[in-house]
Every structure is written in structure tokens, then in C-alpha cells.
Amino acid sequence: TQAALKISSCFGTSVNSTIIKTLMSASPLLQTFQEELDKAVDDGFMDKDDLGSTYKFVHDKVREAAYGLIPEEDRNRFHYTVGMLLFNTIDGKNIDSIIFLMVDQINHGTTYLSSDQRITVAELNYGAASKAVENSNFAAAFFYSNAAMKLLPENHWESHYDLSRKIFLVLGNAARSYGRIAEATSALDEILKHGKLLKDKLDAYYLKIALLHTHQELKKSFDTCVEVLKQLGETIPATINRQFFVKRAEKVLAKLNVMTENDMKTMKSPFHMSLLQFYNRGCFTSYFVQLPMMKWFACRMVEISLEHGFSKYSALGLMWFTMILAGDLIYDVHAGYRVGKIALKLLKRFDANDLLPNAYLIYYSYPAVHIEPIQSCAAMLKRGFEIALSTGDIQTALVNGVQYIQKSFLSGANLSVLKKECDYQMRLVETHFQSMAKMYVLAFQETISMLITREVLSNSTLLDQSKELEFSQAIIFHNVIQNFWLGRWERCLYYAKRSSAPSGK
């Protein structure tokens with residue numbers, strides 16, 4: 001029974017049936033493992049669930065006592081031995097069910113590994129990291145991918161090129177979502193430095209562009225995106241001729257108007273899918289630093305899809321295109337709404353739940369808000385916020401969050417409830433160092449607090465923040481609301497006039 005208790009204690013407070021069965025078939029010495037666990041239940045050390053599939057220590061102290069039976073100097077070797085028994089016994093079909101528990105055990109004994117075994121265990125850690133990313137557990141993904149990286153030999157880019165690229169990519173992605181910016185940057189730069197072909201670097205470039213955007217390096221993010229598109233053979237104009245572009249957009253709309261869903265054939269080319277990915281990233285970044293280019297990128301995304309077929313990224317291209325239709329170039333809100341509906345159907349067709357936050361952000365912030373009840377738009381933006389947050393896409397989550405607060409505010413939502421939402425989002429933006437999102441949330445915090453108390457805040461920061469060019473129109477909006485509420489009619493009128501002038505001038 002002591003042996004069973006010691007082994008069980010290595011897995012924490014409980015041990016499940018998959019572990020039990022695998023260990024029982026791993027060695028003749030463990031064939032009675034489950035019987036020994038039943039004795040531990042009879043002796044009051046463990047409990048068994050109703051199905052008899054999981055055994056759990058009756059108290060943490062009992063588990064600690066069982067673990068204490070293993071001499072401290074032998075513990076790493078003991079964990080490692082248990083882990084290797086699992087690895088040498090489990091078949092490939094079932095490995096996912098215990099991969100975290102198994103790798104955790106093996107990682108205790110990396111000093112005992114031969115050169116070949118280090119590569120095998122690096123692959124196991126990579127598998128665990130990839131599984132953790134699928135489960136949106138980015139802390140675990142970072143831990144496993146970092147462990148995998150440390151197991152690679154010094155010349156790994158020469159001796160294990162493909163494995164190295166995969167490990168550094170999942171490390172970069174996990175570190176980005178986990179908020180470990182230095183590690184994310186280092187991992188992605190390794191791929192960009194050692195990648196042999198452009199296609200081997202594209203995923204790293206994509207994550208690097210997103211990372212730069214998330215941390216407010218917008219110009220660098222935009223420039224990197226443009227450079228990659230040029231390497232992919234695209235011609236990116238330095239300036240946009242408004243009159244020529246309107247005709248181009250109208251031509252694209254005319255083609256969409258005569259298309260049915262059956263006409264939208266599925267894109268087969270990985271190359272054109274990559275193009276759409278980078279154009280989508282470019283749309284997001286250029287919206288903040290070079291708005292005319294966002295419109296050009298969006299139009300190009302739809303053109304590529306019309307010529308080469310539609311993918312889930314085509315749906316986002318259509319969403320970005322709705323901003324052109326509903327904006328000041330064409331101003332056909334109903335056309336934008338109609339195209340947005342097509343985009344949502346495409347996302348459903350491609351089962352692209354990962355892109356819903358991006359789609360909701362565009363659709364329910366722009367065309368839909370002119371047609372559908374603003375309350376329902378706010379609810380969908382909150383849904384986009386929640387989905388993006390659960391997948392580690394902090395940037396998209398926070399922008400959805402800001403739009404959700406704005407639409408809720410305009411819809412007349414309960415101010416006390418909305419203030420709590422602002423407080424929650426403020427904690428998020430501060431945790432993830434999102435200075436731009438912080439300014440927007442802070443403005444709503446101040447305005448809502450003023451509406452609730454009817455008092456001028458002594459520490460208001462709106463005037464200081466109005467110096468930020470991209471933020472000035474939002475500041476003006478809040479100044480209009482605040483001065484109207486406080487009965488300062490002349491100041492309210494002053495800001496209202498500024499809100500209708502170009503660039504707030």
C-alpha cells in the first residue's frame with residue numbers, strides 16, 4: 001500500500017483510471033496497483049468516486065505524508081521513473097488524455113536524459129504546449145514550450161530545424177498571450193533570424209506584428225506588415241487617390257451584389273490564405289495609424305477572394321469592407337449591413353469561432369448599430385470581448401470591451417452596473433499595459449462617475465489626454481456629455497462644434 005500511496009502522491013491530490021490502468025500494464029510489479037489503492041481506501045487514506053475511476057486523498061495532509069515517504073534526494077528520479085513508465089506504455093491514441101500528467105513527471109528528471117531522449121522529451125513538451133494552447137491555458141503552454149526549448153541541443157537550428165521552428169512558434173504565441181513580452185519577442189526573433197524560407201517565417205511574422213500592435217508600437221507593426229506583403233509579391237501604394245478608390249470599391253460591391261452563397265467557392269490556395277491573413281492584420285493596424293490604407297487593404301482582401309475563392313479570412317475582409325460602405329466614402333449603411341450578414345454566414349460555414357471577436361467588433365460597432373437595436377449590438381460586443389479573452393487575444397478583447405461600454409452607455413444602461421464593467425476592464429488594461437485602451441476606459445469611468453454624482457472630478461485627466469491625436473474626438477464626446485450634464489451650455493456647445501470639424505479643429 002505504501003508504494004501505491006507514494007506513486008499516487010506524485011500526481012497531486014488524486015489519480016484517475018487512465019493513469020491506473022496504464023501503470024498496471026507497465027510493469028508486473030504494478031499489476032496490483034488498483035488493489036493497493038482499494039486497501040488505501042479501506043484504511044481511510046483515500047476516497048473512491050462512485051464510478052470507481054478516480055482515487056483521491058482524503059486530505060492534503062495525507063497526500064503530503066504519502067509524498068514524504070519518498071526520500072527527498074530520490075524524488076526527481078521517482079517522478080521521472082513514473083513518467084517514463086507511462087510514456088513507454090501508453091499508446092498514441094490515448095496519450096492526449098494524460099499528456100500533462102505524464103510530461104510533468106518526466107520533466108523532474110531531465111538531467112537523467114540521453115541526447116536522443118532529450119529530443120523525445122522536447123517533442124513531448126511541445127505536444128503538451130500545443131494541447132495547452134488549444135485549451136487556452138497559456139500559462140501551462142508557456143511552461144511546456146519553455147521546457148521544450150531548453151531541451152534542444154546547441155546546434156538545434158541545424159540538427160532539428162522543423163522541431164525548433166515549431167517549439168519557438170508555440171513559445172512565442174504562449175508568451176504573448178501570457179503577457180511575457182520579452183520571451184515572446186525573443187522566441188519570434190529566433191524564427192525570423194534562422195528561418196530558411198519566407199513561408200517558414202510567416203507565422204512568426206504574423207505573431208510579431210500582432211505583438212507590436214498589442215504593445216502600442218503601431219507604426220512598426222504597420223511597416224512590418226507592409227514589408228511582409230511586399231515580400232509576398234503585393235504592390236502597396238504610398239498614397240490613395242480618393243476618387244479612383246471610390247470607383248474601385250463600387251466595382252467590388254457590384255460584383256458582390258450579384259453573387260449568391262453558392263458562387264462563393266472555397267479558397268484552396270494556402271498562399272492566398274496567407275495574403276488574407278496579413279491584409280487582415282494590416283487592416284487592424286492601419287485603422288489606428290493610416291486609415292486610408294485600411295480601406296485599401298479591405299478592398300484588396302475582397303478582390304483576392306472574388307478571384308481565388310473564399311476562406312474564413314475572406315469573411316473578415318468583407319467585414320472590413322462594410323466600414324467602407326457605411327463610412328464617408330460611399331455611405332450606404334444598408335449595403336454594409338447586407339455584406340456583413342454575408343460575412344457572418346461565411347464564418348459559420350468555415351466554423352471560424354476564433355475569428356468571431358474580430359467580426360463582432362467591426363459589424364456591431366459600425367453597420368449593424370445603424371440597423372439593429374443598440375442594446376443587442378452592445379450584447380454581441382460583450383460576447384466578442386468574452387470569446388477573445390478566453391482565447392488569449394487580449395488586444396481584440398479590450399477593443400470589443402471599449403465598444404461594448406460605449407454602446408451600453410449610449411443605450412441607457414444602468415450607470416452603476418456600467419461603472420463596475422469599467423472598473424473590471426480598467427484592471428485588465430493595467431494588467432496588460434494597454435495604454436490606448438486605458439485612455440478610453442478612463443474617459444468612460446470619469447463621465448459615468450460624474451453622471452452618478454453630479455460632481456466635477458478634481459483629478460480628471462480628460463484635458464491632458466485630449467492632446468493624443470487619435471483620442472481627441474473621443475475626448476470631445478465626453479466633454480460634450482459632461483458639460484451638458486453640469487449645465488455648462490456654452491462649453492458644451494463649444495465642444496459639440498469641435499466634434500463636427502475635421503480632426504477636431
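Guide: Let us begin with a hairpin: β2 and β3 form one, with five residues between them. In its turn, G52 has a positive phi of about 70 degrees. Helices (H or I, at least four residues) and strands (E, at least two) are DSSP runs, numbered from the N terminus. Please note that this is a predicted model, in which local features need pLDDT of at least 70 and side-chain atom pairs count only at pLDDT 80 or more, while totals for chains, interfaces and linings use all residues. Residues are numbered from 1 along each chain as its sequence is written, and side-chain values use heavy atoms, with hydrogens and water left out.

Visitor: In what order do the three strands form the sheet?

Guide: Two strands pair if DSSP finds at least two bridges between them. Here the order is β1-β3-β2 in an open sheet, and the pairing is antiparallel. β1 (14–16) and β2 (46–48) are at the edges with a single partner strand each, so one side of each lacks a neighbour in the sheet. From one strand to the next, the twist averages 20 degrees.

Visitor: How many bridges join β1 to β3, and which residue of β3 is the bridge partner of D47?

Guide: β1 is joined to β3 (residues 54–57) by three bridges. N16 has T54 as its bridge partner in β3, and S14 stands opposite K56. Three bridges also join β2 to β3, where D47 has K56 as its partner.

Visitor: Which residues of β3 are on its covered face, and which on its uncovered one?

Guide: In a regular strand, side chains alternate between the two faces of the sheet. In β3, Y55 and F57 make up the covered face, whereas T54 and K56 make up the uncovered one.

Visitor: Which strands does helix α1 touch?

Guide: Contact means heavy atoms within 4.5 Å. Helix α1 (residues 2–9) packs on the sheet and touches β1, β2 and β3. Its direction makes about 90 degrees with that of β3; axes are lines fitted to C-alpha atoms, for helices over the stretch in contact, and angles run from 0 to 180 degrees between N-to-C directions. Helix α2 (residues 17–26) lies across β1 and β3, at about 70 degrees to β1.

Visitor: Which residues of α22 are buried?

Guide: Buried means under 20% relative accessible area, exposed over 50%, and partly exposed in between (1.4 Å probe, protein chains only). In helix α22 (residues 415–431), the buried residues are L418, E421, C422, Q425, M426, L428 and V429. They cover an arc of only 160 degrees around the axis, which puts them on the same side of α22; the arc is that of the directions from the helix axis to the C-beta atoms. On the other side, K420, R427 and T431 are exposed. The cover over the buried residues includes α20 (374–390), α21 (394–410) and α23 (435–453).

Visitor: Why does E421 count as buried?

Guide: E421 counts as buried because its relative accessibility is 14%. Leaving aside neighbours within four places in sequence, E421 is in contact with K382 and Y404.

Visitor: How many helices and strands are there in the chain?

Guide: The chain has 26 helices and three strands. Of its 505 residues, 49% are buried. Along its principal axes, the C-alpha trace spans about 85 × 55 × 45 Å.

Methods. The expected span of a helix is 1.5 Å times one less than its number of residues.
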